[in-house]
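Subject: The model you asked about

Hello,

Have it open while you read, and write back with any questions.

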Amino acid sequence: MSHTLPSDIRLHKKSRTLELVYPDGAYELTAEFLRVHSPSAEVRGHGIGNAVLQTGKQFVGIKGVQPSGNYAIKIIFDDGHDSGLYTWDYLRDLCQNHDQYWQTYLQKLQDAGESRNDGLIARG
């Protein structure tokens, strides 16, 4: 399982990104991307198809990162969300499939008529 463990994790508060360093390279995930893909029940829902679309998270930041056992980290966001446990496998998956997941998220927002910026949409 060591292949999913990053050799380093760096929190860049100013740019609101979390950098994960692996043997094959470094990946930077934005706080917004991590927040809207939180593995928490609040985001994923309590069953298949019950996921809650996260909107207005464009400017969310990360206050801190805490280890959770040897298998995950807890990310504390500045909007108060801190219930998601990001396992090493899940973080690796987010890094490797970032572009696909991001496009899917943007499409879901568009389909729902929502926005990344506090639910405000320019009408006109």
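Trp 102 and Tyr 105 are both buried (buried is under 20% relative accessible area, exposed over 50%, partly exposed in between, with a 1.4 Å probe and protein chains only). Both residues belong to helix 4, where they sit 3 residues apart, about one turn of the helix. Helices (H or I, at least four residues) and strands (E, at least two) are DSSP runs, numbered from the N terminus.

Before going further, two notes on the source. This is a predicted model, in which local features need pLDDT of at least 70 and side-chain atom pairs count only at pLDDT 80 or more, while totals for chains, interfaces and linings use all residues. Residues are numbered from 1 along each chain as its sequence is written, and side-chain values use heavy atoms, with hydrogens and water left out.

**Aromatic rings**

Searching the whole structure gives 4 aromatic pairs. Rings of Phe, Tyr and Trp (its six-membered ring) pair if their centres lie within 6.5 Å; planes under 30 degrees apart count as stacked, over 60 as edge-to-face and the rest as tilted. One of the pairs is Tyr 22 with Tyr 27, which is edge-to-face, at 5.8 Å centre to centre and 70 degrees between the planes. Why is Tyr 22 called buried? Because its relative accessible area is 3%. Tyr 27 has a relative accessible area of 21%, so Tyr 27 counts as partly exposed. The pair of Trp 102 and Tyr 105 is tilted, because the ring centres are 5.4 Å apart and the planes are at 35 degrees.

**Helix 4**

Helix 4 has 15 residues and spans 21 Å from its first C-alpha to its last, close to the 21 Å expected at 1.5 Å a residue (the expected span is 1.5 Å times one less than the number of residues). Its buried residues include Trp 102, Tyr 105 and Leu 109. These three lie on the same side of helix 4, because they cover an arc of only 60 degrees around the axis (the arc is that of the directions from the helix axis to the C-beta atoms). The buried residues of helix 4 pack against helix 1, with contact meaning heavy atoms within 4.5 Å. On the face turned away from the buried side are exposed residues, among them Asp 99, Gln 103 and Lys 108. Just after helix 4, Gly 113 has a positive phi of about 70 degrees.

**The core**

Which residues have the most contacts inside the largest nonpolar core? They are Leu 34, Ile 75, Tyr 86 and Leu 91, in a core of 22 residues. Strand 2 (17–22), helix 1 (31–36), strand 5 (72–77), helix 3 (88–96) and helix 4 (98–112) each supply at least two residues of this core, and helix 3 gives the most, with 5 residues. A nonpolar core here is a set of buried Ala, Val, Leu, Ile, Met, Phe, Trp, Tyr and Cys residues joined through side-chain atoms within 4.5 Å. Beyond its neighbours within four places in sequence, Ile 75 is in contact with residues including Leu 18, Leu 34, Ile 62 and Tyr 86.

**Strands**

Strand 5 is mostly covered, with 5 of its 6 residues buried. Strand 5 pairs in the antiparallel sense with strand 4 (residues 62–68) over 6 bridges, and Ile 62 stands opposite Phe 77. Two strands pair if DSSP finds at least two bridges between them. The hairpin of strand 4 and strand 5 has 3 residues between the strands, and Gly 69 in the turn has a positive phi of about 65 degrees. Strand 5 also runs antiparallel to strand 6 (residues 85–87), joined by 3 bridges, with Ile 73 and Tyr 86 as bridge partners.

Strand 1 (residues 8–12) and strand 2 are antiparallel over 5 bridges, and Arg 10 stands opposite Glu 19. In the loop between strand 1 and strand 2 is Arg 16, whose phi near 55 degrees is a positive value in a residue other than glycine. Strand 2 also pairs with strand 3 (residues 25–30), antiparallel over 6 bridges, through a hairpin of 2 residues.

Best wishes
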